[in-house]
Amino acid sequence: MAKKKEELTGYDKESRFYTAADVEKVFDSIIREIEYGLSVREILRREETPSQRTFFKWLNLDDAKVIRYNQAMKMRAHNLFEEILEIADKQDKDVYLDRDGNERTDHNVVNRSKLQVDARKWVVGRLDPTKYGDKMDLTTNQKDLNIPILTIDPLSQVDDDTTQE
């Protein structure tokens with residue numbers, strides 16, 4: 001009796017096919033790495049991982065995977081936020097001793113740290129804008145408030161009686 005052939009769902013860089021069970025296992029592994037702070041691009045560069053095209057095809061075919069991916073990206077944002085604090089607090093290489101024994105600030109290290117912090121702040125703000133974004137959201141649960149906004153017309157404050165007595 002022939003073994004039932006499992007549904008083929010995608011292929012990797014070496015044209016190996018993934019069964020539905022393989023997809024779940026590989027997807028879970030990728031999601032865990034995203035949660036730890038790695039980028040999708042960094043993960044999918046590895047030879048043993050599927051191509052980006054295959055990974056995003058899996059997302060497009062399964063709403064539950066999209067939800068898990070979005071949650072993982074929020075966790076990644078939180079990990080990047082923690083990295084920002086670590087980089088900002090790290091001072092061990094900011095100062096060095098020159099040949100004469102004088103303390104000098106290594107501006108290259110300080111500038112690199114600033115660049116790392118700024119880049120991560122930008123990414124974190126895009127990954128989870130409701131929590132880390134710069135824009136102040138004047139909504140409730142990302143829905144518009146249904147209260148009228150008071151506007152004042154500056155011309156309505158001018159007295160209509162412009163004649164002088």
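## Helices α1 and α4

Helices α1 and α4 are roughly parallel to each other, because their axes cross at roughly 25° and angles under 35 degrees count as roughly parallel, over 145 as roughly antiparallel, 65 to 115 as roughly perpendicular and the rest as oblique. The two axes come within 7 Å; axes are lines fitted to C-alpha atoms, for helices over the stretch in contact, with angles from 0 to 180 degrees between N-to-C directions. This is a predicted model, in which local features need pLDDT of at least 70 and side-chain atom pairs count only at pLDDT 80 or more, while totals for chains, interfaces and linings use all residues. Residues are numbered from 1 along each chain as its sequence is written, and side-chain values use heavy atoms, with hydrogens and water left out.

On the α1 side, the contact (heavy atoms within 4.5 Å) is made by Val23, Glu24, Phe27, Asp28, Ile31, Ile34 and Glu35. Helix α4 contributes Lys65, Arg68, Tyr69, Ala72, Met73, Met75, Arg76 and Asn79. By class, this contact has eight nonpolar, one polar and six charged residues, where Ala, Val, Leu, Ile, Met, Phe, Trp, Tyr, Cys and Pro count as nonpolar, Asp, Glu, Lys and Arg as charged, and the others, Gly among them, as polar.

## Helices α1 and α3

The packing of α1 against α3 has an angle of about 105°, with the axes 12 Å apart. The two helices are therefore roughly perpendicular to each other. Val23, Val26, Phe27 and Ile30 in α1 meet Phe55, Trp58 and Leu59 in α3. By class, the contact of α1 with α3 has seven nonpolar residues, no polar and no charged ones.

## Aromatic pairs

Rings of Phe, Tyr and Trp (its six-membered ring) pair if their centres lie within 6.5 Å; planes under 30 degrees apart count as stacked, over 60 as edge-to-face and the rest as tilted. By this rule there are six aromatic pairs. Phe27 and Phe55 form a stacked pair, 5.6 Å centre to centre with 20° between the planes. This pair links distant parts of the chain, 28 residues apart: Phe27 lies in helix α1 (residues 20–35) and Phe55 in helix α3 (residues 52–61). Helices (H or I, at least four residues) are DSSP runs, numbered from the N terminus. Phe27 counts as buried because its relative accessibility is 0%, and Phe55 is buried at 0% as well; buried means under 20% relative accessible area, exposed over 50%, partly exposed in between (1.4 Å probe, protein chains only).

The rings of Phe56 and Tyr69 have centres 6.3 Å apart and planes at 85°, so their pair is edge-to-face. Phe56 in helix α3 and Tyr69 in helix α4 (residues 63–89) are 13 residues apart. Phe56 is partly exposed at 31% relative accessibility, whereas Tyr69 is buried at 14%. Ring pairs link Phe27, Phe55, Phe56 and Tyr69 into a cluster.

His78, in helix α4, is partly exposed at 33% relative accessibility. Leaving aside neighbours within four places in sequence, His78 is in contact with Lys131 and Tyr132. His78 and Tyr132 are 54 residues apart in sequence and 8.9 Å apart in space, C-alpha to C-alpha.

Pro129 belongs to helix α6 (residues 129–132) and is partly exposed, with a relative accessible area of 47%. Pro129 and Lys74 are 9.6 Å apart, C-alpha to C-alpha, across a sequence separation of 55 residues.
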